[in-house]
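Here is a short report for a reader who is meeting this structure for the first time. Please keep the sequence and the model in view while reading.

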Amino acid sequence: MSALPCGIYLVLDADVCTRAGHDPAGVAVAAVRAGVGTVQVRAKRAGVRDLVALTVAVADALRGSPPAALVVDDRVDVALAARARGARVDGVHVGRHDLETADARALLGPDALVGVSAARPEHMAAAVGADHVGSGPVRLTPTKPEAGPAIGFDGLRAAVVAADGRPVVAIGGLGAADAPALRAAGVHAMAVVSAVCAAPDPGGAAARLVAAWQQVPAVAR
Ligand SMILES: Cc1ncc(COP(=O)(O)OP(=O)(O)O)c(N)n1
Ligand SMILES: Cc1ncsc1CCOP(=O)(O)O
Ligand SMILES: [Mg+2]
């Protein structure tokens, strides 16, 4: 998959899933069946070998589900290792402390999905060579208290302008009620962790997010 699906982007956080009593691969399958277009594997406390194993497990679990993009947070080596084991992994999401965009692209190839974090216009240099930009936190969130100041919807609109045509994925404290404001801001996708991974019924929560997104027409840009 070489274009980022528009709509709901699940950041599948292994720790949040486990705390809520969910198997991460099961959450991924339920979310994709509900219409989530992208799954990012995120496990900040896992060692590299466990992260490869988790990525392969999620990719294997998603075989036979509707098509969805699968990317790895931070680690290009993990995406490559999972691919080497036969897993279908589409790319990575790299942050400011990970490999540079051009290096991620060079290692993964021209068809890979490479997303980068850029919250403010002055960070957009990282977006050169990337397919899309993750911008946030829109709101402060207990899922990542160290994420930096909230950019709010004004900051998001500024990010969409500065991204210069690259799709923007909004992240941080978001839920179904935010779909209209996000689409009005010109955002391409809404990324969520806790709204799905911490929900008692992740598939039902994902379905409500997808329905909320689809109810709002996209703004013409
Ligand atoms: C879609 C998306 N946008 C932003 C982020 C944040 O990435 P990063 O800055 O690398 O922070 P961590 O998630 O690694 O803590 C993201 N993961 N996904
Ligand atoms: C990974 C990340 N980066 C910025 S905010 C965030 C976490 C978002 O989690 P939630 O959707 O639970 O607020
Ligand atoms: Mg990261």
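V41 counts as buried because 33 C-beta neighbours lie inside 10 Å, and the threshold for that label is 20 or more. The model is predicted. V41 sits in strand β2.

## The barrel

What kind of sheet do the eight strands form, and in what order do they run? They make a closed barrel, in the order β1-β2-β3-β4-β5-β6-β7-β8, with parallel pairing. Neighbouring strands of this sheet are turned against each other by 25 degrees on average, direction ignored. Strands of a sheet pair through backbone hydrogen bonds, either parallel or antiparallel.

Start with β1, which covers residues 7–13, and β2, which covers residues 38–42. These two strands pair in the parallel sense over five bridges.

Now move to β4. This strand spans residues 91–94 and is covered on both faces. G91 and H93 are buried on one side. V92 and V94 are buried on the other.

β4 has a parallel partner in β3, residues 69–73, with three bridges joining the two. Here V72 has V92 in β4 as its bridge partner. β4 is also parallel to β5, residues 113–117, and four bridges join them. G91 has L113 in β5 as its bridge partner.

β3, helix α4 (residues 76–84) and β4 make a right-handed β-α-β unit. β4, helix α5 (residues 101–108) and β5 make another right-handed unit.

The table lists the pairings described above.

| Strands | Bridges | A named bridge pair |
|---|---|---|
| β3 and β4 | three | V72 and V92 |
| β4 and β5 | four | G91 and L113 |

UniProt, in an unreviewed entry, places the feature "domain: Thiamine phosphate synthase/TenI" at residues 8–196. Over residues 8–196 the chain is 36% helix and 20% strand. The end C-alpha atoms of that stretch are 10 Å apart.

## Around the ligands

Which residues come nearest to ligand 1? Of the 15 residues around it, G95, S117, G134, V169 and A191 come nearest. The shell around ligand 1 draws at least two residues from each of β1, β2, β5 and β7 (168–171). By type, this shell divides into five nonpolar, six polar and four charged residues.

Ligand 2 is surrounded by 15 residues, and the closest are T141, T143, G172, V193 and S194. The shell around ligand 2 divides into eight nonpolar, six polar and one charged.

## A contact across the chain

A14 is found in helix α1, residues 14–19. A14 counts as buried because it has 23 C-beta neighbours inside 10 Å. A14 and A43 are 29 residues apart along the chain, yet their C-alpha atoms are separated by 5.2 Å.

## Backbone details

Some backbone angles deserve a look. Most residues other than glycine have a negative phi, and most peptide bonds are trans.

A cis peptide bond joins G136 and P137, with omega about 5 degrees. P137 lies in the loop between β6 (132–135) and α6 (152–162).

D74 is not a glycine, but has a positive phi of about 75 degrees. D74 is in the loop between β3 and α4. Is D74 buried or exposed? D74 counts as buried, because 20 C-beta neighbours lie inside 10 Å.

D164 is not a glycine either, and has a positive phi of about 55 degrees. D164 is placed in the loop between α6 and β7. With 11 C-beta neighbours inside 10 Å, D164 counts as exposed.

Key:
Residues are numbered from 1 along each chain as its sequence is written. Chains are lettered from A and ligands numbered from 1 in the order in which they are written. This is a predicted model: local features need pLDDT of at least 70, side-chain atom pairs count only at pLDDT 80 or more; totals for chains, interfaces and linings use all residues. UniProt positions are given in the numbering used here, feature names are shortened, and annotations may be inferred rather than shown by experiment. Two strands pair if DSSP finds at least two bridges between them. Axes are lines fitted to C-alpha atoms, for helices over the stretch in contact, and angles run from 0 to 180 degrees between N-to-C directions. A residue is near a molecule or strand if its C-beta atom, placed from the backbone, lies within 6 Å of it. Ala, Val, Leu, Ile, Met, Phe, Trp, Tyr, Cys and Pro count as nonpolar, Asp, Glu, Lys and Arg as charged, and the others, Gly among them, as polar. A residue is buried if 20 or more other C-beta atoms lie within 10 Å of its own, exposed if 12 or fewer, and partly exposed in between; C-beta atoms are placed from the backbone. A crossover is right-handed if, with the strands pointing away from the viewer, the path from the first strand over the helix to the second runs clockwise.
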